[in-house]
Each structure stands twice: as structure tokens, then as C-alpha cells.
Amino acid sequence: MDARRSSLGLAVALTIGAAMIHVWAMPEHFEEWWFYGVLFLLVALLPGFYGVALWLWGGRTVFILGMGGNLAVVVFYLVTRTM
């Protein structure tokens with residue numbers, strides 16, 4: 001159980017870290033175009049809430065939802081950079 005809790009803590013820390021990176025980059029994107037700033041705000045808020053949910057209810061369903069959300073962000077990034 002201790003290893004599971006450590007893994008959960010690492011996942012939460014990395015998720016919150018990703019949210020903070022997007023918060024850090026958000027002002028620059030608002031200067032470029034308001035919609036880019038809103039996208040960065042969403043990509044900062046959603047992982048932030050997800051990190052809290054993961055800590056509180058760290059079950060299989062929550063992990064799968066998080067993987068789906070992260071995959072959606074990566075796919076969105078790839079599509080917008082290659083089209």
C-alpha cells in the first residue's frame with residue numbers, strides 16, 4: 001500500500017506541476033490572442049482539479065479519465081502544430 005501511495009503522490013505532483021507550467025505560460029498567450037490565453041487557462045485549471053480529484057479518489061476510473069484528458073491535450077497540440 002505504501003508504494004501505491006507514493007506512486008499516487010508522484011502522479012499528483014506531476015499533474016499539478018503541468019498545471020503550474022501552463023499558468024506560467026498563460027500571460028504570454030493572452031498577449032498573442034485572448035483565445036490562446038483561454039485555452040491555456042483551461043489546460044491549467046483542468047489538471048489542477050484533476051490532481052485534487054486524483055488525490056481524493058485515486059481509483060482506476062480517475063486514472064483512466066486523466067489519461068484520456070492528457071491524451072486529448074497532446075492530440076490537440078499535435079494537430080494544431082502539423083496542420
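Q: Which relative accessible area counts as buried, and which as exposed?
A: Buried means a relative accessible area under 20%, exposed means over 50%, and partly exposed covers what falls in between. The model here is predicted. In it, Thr15 has 13% relative accessibility and therefore counts as buried. Thr15 belongs to helix α1.

Q: Which residues does Thr15 touch, leaving aside its neighbours within four places in sequence?
A: A contact is a pair with heavy atoms within 4.5 Å. With sequence neighbours within four places left out, Thr15 is in contact with Pro47, Tyr50 and Gly51.

Q: How many helices and strands does the protein have, and in what pattern?
A: The protein has three helices and zero strands. Along the sequence the pattern reads α-α-α. Helix α1 spans residues 2–32, helix α2 spans residues 34–56, and helix α3 spans 60–82.

Q: What figures describe the protein overall?
A: Along the principal axes, the C-alpha atoms fill a box of roughly 45 × 25 × 15 Å. The protein has 83 residues, of which 22% count as buried. It exposes about 6,400 Å², with 75% of that supplied by carbon and sulfur atoms. Of the contacts between residues at least 6 apart in sequence, 56% join residues at least 24 apart.

Q: How does the reach of α2 compare with the expected span?
A: The expected span is 1.5 Å times one less than the number of residues, so the length of a helix can be checked from its residue count. α2 has 23 residues, and the distance from its first C-alpha to its last is 33 Å, close to the expected 33 Å.

Q: Which residues of α2 are buried, and what covers them?
A: The buried residues of α2 are Gly37, Ala44, Pro47, Gly48, Tyr50, Gly51, Ala53 and Leu54. Their cover includes α1 and α3.

Q: Where is Pro47, and is it buried or exposed?
A: Pro47 is in helix α2. Its relative accessibility is 17%, so Pro47 counts as buried. Not counting residues up to four places away in sequence, Pro47 touches Thr15, Ile16, Ala19 and Leu42. Pro47 and Asn70 are 23 residues apart in sequence, with their C-alpha atoms 8.5 Å apart in space.

Q: What makes up the largest nonpolar core?
A: Membership of a core takes burial plus a link through side-chain atoms within 4.5 Å. Five residues form the largest nonpolar core: Leu8, Val12, Tyr50, Leu54 and Val62. At least two residues of this core come from each of α1 and α2.

Q: Which residues make the nonpolar surface patch?
A: Patch residues must have over 30% relative accessible area. The patch of about 810 Å² is made by Phe30, Trp33, Trp34, Phe35, Tyr36, Leu41, Leu45 and Phe49. Helix α2 gives the most, with six residues. Phe30 lies in helix α1, and at 36% relative accessibility it counts as partly exposed.

Q: Where does His29 lie, and is it buried or exposed?
A: His29 also lies in helix α1. Its relative accessible area is 18%, so His29 is buried. With neighbours within four places in sequence left aside, His29 is in contact with Tyr36, Gly37 and Phe40.

Notes: Residues numbered from 1 in each chain as written. Predicted model: local features only at pLDDT ≥ 70, side-chain atom pairs only at ≥ 80, totals over all residues. Heavy atoms only, no water. Patch = residues over 30% accessible without salt bridge, like charges linked within 9 Å, V, L, I, M, F, W, Y side chains within 5 Å. Areas by Shrake-Rupley, 256 points an atom, 1.4 Å probe, with all protein chains shown as cover. Salt bridge = Lys/Arg side-chain N within 4 Å of Asp/Glu carboxyl O. Helix = DSSP H or I, 4+ residues; strand = E, 2+ residues; numbered from the N terminus. Buried < 20%, exposed > 50% of the residue type's maximum accessible area, 1.4 Å probe, protein only.
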